[in-house]
Structures are given as structure tokens and as C-alpha cells.
Amino acid sequence: MSCEEMKSISLEEKSILITGATSGIGLAAAAELSKRGAFVIGVGRDEGRNQLAVEKISSENSDAKIHYILADLSTQEQVIKLAVKVDTLLAKFSKNALDVLINNAGVYLEKKSCTQDGIEKTFAVNHLAPFLLSHELLPLLNDSEQARILTVSSYSHRTTPMFLSRLANPWPYFGLLAYKRSKLCNVLFTYELNRRMDGKVLAFAVDPGLVNTAIASKGSDGISDWVWRFRREQGTSPDLPAKTIAFLSGSEKIDTSQGFYFKDCSPIPPSIQARDEKLAEEIWGLSCELTNVDWR
């Protein structure tokens with residue numbers, strides 16, 4: 001199915017959580033999901049921007065069922081608290097399950113920065129936060145009849161050298177390499193999650209393509225920002241990957257054995273390294289260690 005052919009897909013009665021939902025792909029996806037009738041919970045780290053997002057979506061769709069939660073996903077304590085807040089909000093509206101978790105929040109940092117947990121921030125936000133949040137929300141996802149976990153990755157995961165010992169505290173630090181490694185971790189997480197969940201929860205990695213967003217400008221005022229300001233003009237609107245996210249959130253039958261890495265509503269092969277069973281297991285084990293969870 002092409003993105004143009006999915007106009008009839010309804011998300012009525014679906015409860016969907018999306019992180020990084022105040023701008024770019026996240027905001028476009030929250031609007032698209034709301035338009036299709038979903039009960040949408042957005043996550044952002046600034047209360048003012050959260051409120052602006054609610055107002056924008058509601059102004060375009062008066063029937064939107066949209067709520068936002070404040071959370072900074074760079075700290076594991078707040079990721080865990082976010083899961084509790086989601087549970088509370090769903091219960092408030094008499095919803096006993098989460099149908100779709102969309103791990104969209106991401107950062108690109110030109111200069112190295114570590115979180116209060118002592119972990120390099122790009123890796124912490126782009127990979128460990130989705131890993132931990134997925135774990136914490138698994139009880140709610142297991143109560144859904146058709147649970148999905150979507151993680152927004154990137155074409156940049158291809159041809160990326162991976163050294164496990166340099167993920168949490170890379171040295172020397174190169175912003176682009178840290179970003180590419182985190183996006184490879186997203187795909188490996190998705191690959192391993194499907195293997196471990198055995199169909200109970202389906203996991204998909206989303207390749208948004210080159211999109212005109214401000215991701216490389218938020219964490220940089222140097223050369224990365226300068227280069228991205230020119231490159232982003234060649235990108236598509238965030239509305240395009242938002243349609244892929246809506247497609248994966250609502251389509252009833254998707255066989256992950258035929259593909260789990262999607263672009264433009266269709267499966268495409270990720271890199272060979274992203275399907276390396278041994279590497280996927282090693283990343284999973286390291287993630288458990290760094291987040292202090294026992295996710296067998």
C-alpha cells in the first residue's frame with residue numbers, strides 16, 4: 001500500500017503515545033493521528049511548546065483527542081515517571097491499554113554532553129530512552145489487542161561502525177558518528193524486540209528520509225547547523241513520514257518477517273549490520289545494564 005492509498009485507515013479507539021511531539025515529524029504525526037480519530041498523548045520537554053502544539057492541532061481539528069505530558073527523556077528518572085503519568089492519564093479517560101508507542105524524540109549534538117546519569121546524551125535520548133520507555137510501558141501494551149512499538153530511525157544507520165565500548169561515553173566524540181550509531185541502535189532494538197516478543201507486540205523502525213526539520217540546528221550553532229540549513233531545504237515535509245507512522249499504527253495485518261523497516265508506507269531492507277543477531281543481543285544486554293532493567 002502506498003501512502004496515498006491509506007486515506008481510509010481509521011484510528012478510532014486507538015490510544016497512541018508519541019515522544020518528541022512539539023515540532024517536526026512528531027508534531028505532524030500527532031496531528032495526523034488525531035485527524036484519524038486516535039486518542040493521542042504527545043510528549044515534550046517544554047510546557048509552553050506543549051501547549052502551543054495542543055492549540056495548533058485543536059485549531060485544525062476541533063474533534064482532536066489530544067493531550068501532552070511534560071518529560072525530559074535525557075534522564076532515566078523522568079522516563080520512568082513518564083510511564084506512570086501515561087498510565088494515570090489513560091485511566092482518567094477509562095482506557096486500560098496503550099495500543100501504539102511511537103519513539104520519535106531525538107537529538108543531534110555537535111559537542112559532547114552527558115546526562116545526569118553519566119551517559120552521552122545522543123545515545124541516552126535516541127536509544128536508551130526508547131528502550132527504557134518501551135520496557136516500562138510493556139504492561140499497558142500487552143493489554144492491547146494489536147500493540148505496536150514504532151521507533152523513528154534514519155537512513156544514516158547504514159555503513160556505521162559500531163563499537164559497544166564507545167556508545168555510552170564515546171571518545172573521541174564526533175556528533176555525526178554518535179547520531180548514526182544511535183540510529184543503528186534503533187533498528188537493532190526493533191529487530192531484537194520482534195524476536196523476543198514473538199508477535200505479541202509488533203515493532204517497526206521508520207525511515208523518514210531527508211525531512212525539512214530543525215533537528216541538526218537545535219543542538220548546534222556551528223558547522224553542523226550551517227550545513228543543515230542548506231541541506232534541509234532539499235528535504236520533504238514532515239507530513240510524509242507522519243503518514244507512514246499512521247499507516248503502521250493502524251494497518252491490521254503486517255508480517256514483520258517480510259520487513260520491519262519502513263519508508264513511505266512500504267518495507268525496505270535495513271543495513272546488513274542492523275540484522276546482525278549477535279550485535280542485536282549485545283546491544284540489548286548493554287541497554288539493560290545501562291538502564292538497570294532485567295528485560296529477558
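A: Of the 23 residues of H6, 19 are buried, where buried means under 20% relative accessible area, exposed over 50% and partly exposed in between (1.4 Å probe, protein chains only). The model is predicted: local features need pLDDT of at least 70, side-chain atom pairs count only at pLDDT 80 or more, and totals for chains, interfaces and linings use all residues. Residues are numbered from 1 along each chain as its sequence is written, and side-chain values use heavy atoms, with hydrogens and water left out.

Helix H6 covers residues 175–197; helices (H or I, at least four residues) and strands (E, at least two) are DSSP runs numbered from the N terminus. The expected span of a helix is 1.5 Å times one less than its number of residues. For H6 this gives 33 Å, and the end C-alpha atoms are 33 Å apart, so the two agree. After H6 comes Asp198, with a positive phi near 50°.

Glu192 is counted as buried because its relative accessibility is 0%, whereas Arg195, at 43%, is partly exposed. Both belong to a network of salt bridges that also links Arg196 and Glu281. By this rule, the count of salt bridges is nine.

Notes
A salt bridge is a side-chain nitrogen of Lys or Arg within 4 Å of a carboxyl oxygen of Asp or Glu.
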